[in-house]
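Here is a set of questions and answers to work through with the structure in view.

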Amino acid sequence: MKIAISGKGGVGKTTLMALLAGEFKKAGKEVLVIDADPSPHMAQTLGVKHPEAIRPIAEMTKLLVERSGKTEGSPMYNMNPQVNDLLEEFMIDHNGMKLMVLGAIQTGDKGCACPENNVLRRMLTKLLLSKNQVVLLDMEAGVEHLGRGTIAGIDHLLIVVIPSKSSIRTALKVKKLAEDVKIPKISFVGNLVTDEEDRSFLEAGLGVQPIAFFPDSQTIRNAERQDVPVTSLENAAGEAPGILMQALEGKKAEG
Ligand SMILES: Nc1ncnc2c1ncn2[C@@H]1O[C@H](COP(=O)(O)OP(=O)(O)OP(=O)(O)O)[C@@H](O)[C@H]1O
Ligand SMILES: [Mg+2]
C-alpha cells in the first residue's frame, strides 16, 4: 500500500505520518517513509541523529541514467535491498523503518523540481510491494505540487485538516486536484480536534466525515519542543493512529 499525505501548511502532516509509520511498524509491517517535502523534516520528527547524512533521491537521476545507458529506462524497484542495491544507497534504516528523502528543491530556470519529481513519480509507480510493505509519502503543504503528478502512483491520499475554515478550503482544493490525477482513494484526517463541536465543524465543511481524528496533544507539543521523536512516545495521540491504520487497511467504513 502506498499512502501520501497533504494539507495546508503546519496542520500536522509530518507528525501524523510519523505516528502512522510507528503504528504500521508495531503491526509488523515493513515501512518505507519517503520525505518529499523540499524542506524535509521527517528525519528530525522520527529522531534520526544525522539527517544531513541522508543522500537525497534527487541524486538518483544521474545514477539511473548511468545505469540504463543512453535512455533513462524505467527499472522496476523493490524495497528489498538484496534485490535492488540502487535503492539501498538512498535508504537509511531507522528503528526498524526505512527512510528516503527527496531532497531540496532545485531553483533552476523555472524553479521546478522536475527531475526529482520525475524520479519520485517513476519510483512510486514502479515500486513493487508485497502485502506486508507500506510506503508513506510525506509532502509539502499546499496544492501546487499536486499538479506535477508526483503522487500518480499512490493508492490512498490522506488530507490533514484542522477545524478552521482556511484549512478546510485547502483540503477541498487538494481533494479536487487529487481526483483530477485519479488517486484511487482520498480521505480526510482531522487533527487538533478537541471536542464534538470540532468534529461537526469539520464534517459540515468537508461534506464527509474524516476517517480519524487526532487530538490536540500536549504530549506531542512537548515532544517537539524537546526534540523527542513522536514515534518514541507511548500514547501520544490516543487511539487515533490505530483507528487511522485500520481505516487505511479497509477494516472500517471510509469517510
Ligand atoms: N495533534 C497534535 N497535537 C499537538 N501538536 C501537534 C499535533 N500535530 C502537530 N502538532 C505540532 O504542530 C506543529 C506542526 O506539525 P507538522 O510539522 O507535523 O506539520 P506539517 O503539516 O507537516 O507542517 P509543514 O506544512 O511545515 O510540513 C509541530 O510543532 C507539531 O509538533
Ligand atoms: Mg511537514
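This is a predicted model: local features need pLDDT of at least 70, side-chain atom pairs count only at pLDDT 80 or more; totals for chains, interfaces and linings use all residues.

Q: Which residue has a side-chain N or O atom 2.5 Å from an oxygen atom of ligand 1?
A: Ligand 1 is surrounded by 16 residues, and the closest include Lys13 and Thr15. For lysine 13, a polar side-chain atom lies 2.7 Å from an oxygen atom of the ligand. The residue at 2.5 Å is threonine 15.

Q: What are the edge strands of the open sheet?
A: The open sheet has eight strands with mixed pairing, in the order 4-5-2-7-1-8-9-10. An edge strand pairs on one side only. The two are strand 4 (92-94) and strand 10 (212-213).

Q: Are helix 1 and helix 9 roughly parallel or roughly perpendicular to each other?
A: Helix 1 (residues 13-26) packs against helix 9 (residues 240-248) with axes 9 Å apart, at an angle of about 70°. Angles of 65 to 115 degrees count as roughly perpendicular. The two helices are therefore roughly perpendicular.

Q: How many residues of the contact of helix 1 with helix 9 are nonpolar?
A: Helix 1 contributes Leu19, Leu20, Glu23 and Phe24, while helix 9 contributes Pro241, Gly242, Leu244, Met245 and Leu248. One residue of the contact is charged and one is polar. The number of nonpolar residues is seven.

Definitions and conventions: Residues are numbered from 1 along each chain as its sequence is written. Chains are lettered from A and ligands numbered from 1 in the order in which they are written. Side-chain values use heavy atoms; hydrogens and water are left out. Two strands pair if DSSP finds at least two bridges between them. Helices (H or I, at least four residues) and strands (E, at least two) are DSSP runs, numbered from the N terminus. Axes are lines fitted to C-alpha atoms, for helices over the stretch in contact, and angles run from 0 to 180 degrees between N-to-C directions. Angles under 35 degrees count as roughly parallel, over 145 as roughly antiparallel, 65 to 115 as roughly perpendicular and the rest as oblique. Contact means heavy atoms within 4.5 Å. Ala, Val, Leu, Ile, Met, Phe, Trp, Tyr, Cys and Pro count as nonpolar, Asp, Glu, Lys and Arg as charged, and the others, Gly among them, as polar. A residue is near a molecule or strand if one of its heavy atoms lies within 4 Å of it. A polar contact is a pair of N or O atoms within 3.5 Å; within protein, one must be able to donate a hydrogen and the other to accept it, and residues adjacent in sequence count only if both atoms are side-chain atoms.
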